[in-house]
Amino acid sequence: MPIAVPFLSGSKQLSIVLAEPVVLLRGPPTEPTTHVLRGEVELLLSKPMTATHVTIKLVGKSNILWPEGLGPRGNKVYHEKTILEQNIILDSRPAEDQQTLPAGLNRWPFEFLIPNSIVETIEDEMAQVYYYICATVERPGFGTPNLRCRRNVLLLRTLAPSNDALTSHALPTTSIVAERRTEACDATFYIEKSIVSSGTQFPISIVLLTQMKHVQLESIDIVLTERRVYQVPEYGARKAELHDFKLQLVSVTDMTDSEQLQQTMTPSLDIPTQQIRRALSGKNAHIPLGSTPFQYKFIFTLPNCLTLNHTTYFKEMNFLHHLKIDLELSVPSTASSSSSSFKSPELERTHIHLETPITILDCRLKEDFVTLPTYQEALTDTPVSEHEDEEDLLKKRAGFFICPCYVEYKKKSTTFTGKEWDVILHNSGTSSCESSYPNSRNVSQESLILLPPPPPYKQLEK
């Protein structure tokens, strides 16, 4: 997260104040939009000081670790380069006409124009892209040191519609509906969100309608695949990695309309939840599928930001994600179906497969579930706190993995109560770790220490 690091020299203090320390890039890099990063350079002096130049620059750098070695001899394992540099002269005077800055607070406003095609912040374990602002106050004389200040800037890319997309009346849908038809069974998959942040809940609904008797569901395999491609064009180096993540199941809900089944006199499946969970973890669940459609909604938890990267559009650090759903069914074999014997038919295994790309956003772009009330609170007259513990309610509202970088991000934009902060810190404290990169999402435990909430107004009045 952006952290102001002022450099002090005696009674002088130089700092950078940003109007918004996080720049949100909207839409893919092909969107022709421009964003503004504005702020002020502040210099606090206890006495007048002479200066010749006051400058500020925005710098973006990328670095990549290559353990296999780069170059002709293969002895270069680290490569860094500058991908952006913008300089602004805030104040300038020739050496013979030196400027005397008065005592007190001196301010210089600035603005940087950032195109939407720029690379967002990337914090992979092997490759990073980070940005920072550096301000310099140049002073005359060979033995007089210049004043410098640096502050990191976070660039996040969200695929929320831009203003141009809103006026075009062609907003893209974020859900995915796919059908797979076989001789034995027709399957419909409904993925509610194809654009989602890491560590959040991910609902998937599956509807199975059989076309023959004696069909059984054996297993449901749902895997998220991340393909990482690293390139160093300067050395002609390229490599790719595949990482599979098994989604963690949170809950299973039967979506069958019981009233409609009673009206049509159709028996329900009544499949135990434990048996459905066995289908997700094993290979031989033996769930019979009858004339009643198999309609269940599964809610999974996506891998968190400690292991999963967000989807990128940068050629040198290209991360793509695909969701793979594989259903294994037991269906009567062709030989047994044509036989007139009254014996139970022989079964053979068949698969229904779906693979679709999805977009993973940065973990700090989660929806703010913490401050919104639940549906149970909004629709019932009885407060939920009478039946549930307050701490359990806050965890249920969160609905996602609370990582340290998300805590740092929300500290600057959201106000929580002391109880809510305690729950957030308790959930995020076990996953924090040290990192040496400027914008790393893994922050130390010391940075998570928060001040207690301010006292009530009644105490201040006393």
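The paragraphs below lead from the whole chain to a few of its side chains.

This is a predicted model, in which local features need pLDDT of at least 70 and side-chain atom pairs count only at pLDDT 80 or more, while totals for chains, interfaces and linings use all residues. Residues are numbered from 1 along each chain as its sequence is written, and side-chain values use heavy atoms, with hydrogens and water left out.

The protein chain has nine helices and 23 strands, where helices (H or I, at least four residues) and strands (E, at least two) are DSSP runs numbered from the N terminus. Of its 462 residues, 44% count as buried, a word that stands for under 20% relative accessible area, with exposed meaning over 50% and partly exposed what lies in between (1.4 Å probe, protein chains only). If we take the contacts (heavy atoms within 4.5 Å) between residues at least 6 apart in sequence, 73% of them join residues at least 24 apart. The protein chain exposes about 25000 Å², and carbon and sulfur atoms supply 52% of that area, which is computed by the Shrake-Rupley method with a 1.4 Å probe.

We can now turn to the aromatic rings. The structure holds five aromatic pairs; rings of Phe, Tyr and Trp (its six-membered ring) pair if their centres lie within 6.5 Å, and planes under 30 degrees apart count as stacked, over 60 as edge-to-face and the rest as tilted. One of these pairs is formed by Y130 and Y132, and because their ring centres are 6.5 Å apart and their planes stand at 25°, the pair is stacked. Y130 is buried, with a relative accessible area of 8%, and Y132 is buried too, at 10%. Another pair, Y230 with F319, is edge-to-face, with 5.9 Å from centre to centre and 70° between the planes. Since Y230 belongs to strand β17 (residues 215-232) and F319 to strand β22 (residues 317-332), this pair ties together parts that are 89 residues apart in sequence. Both Y230 and F319 are buried.

Rings can also have a charge over them, which requires NZ of Lys or CZ of Arg within 6 Å of the ring centre and within 35 degrees of the ring normal. The charged end of R150 sits in this way over the ring of Y132, 3.8 Å from its centre, and the charged end of K239 sits over the ring of W66, 4.6 Å from the centre of that ring.

Finally, T200 is found in the loop between β15 (195-197) and β16 (201-210). T200 is buried, with a relative accessible area of 5%, and a polar atom of its side chain lies 2.6 Å from the backbone oxygen of S197.

Definitions and conventions: Polar contact = N/O pair within 3.5 Å; in protein donor to acceptor, adjacent residues only side chain to side chain.
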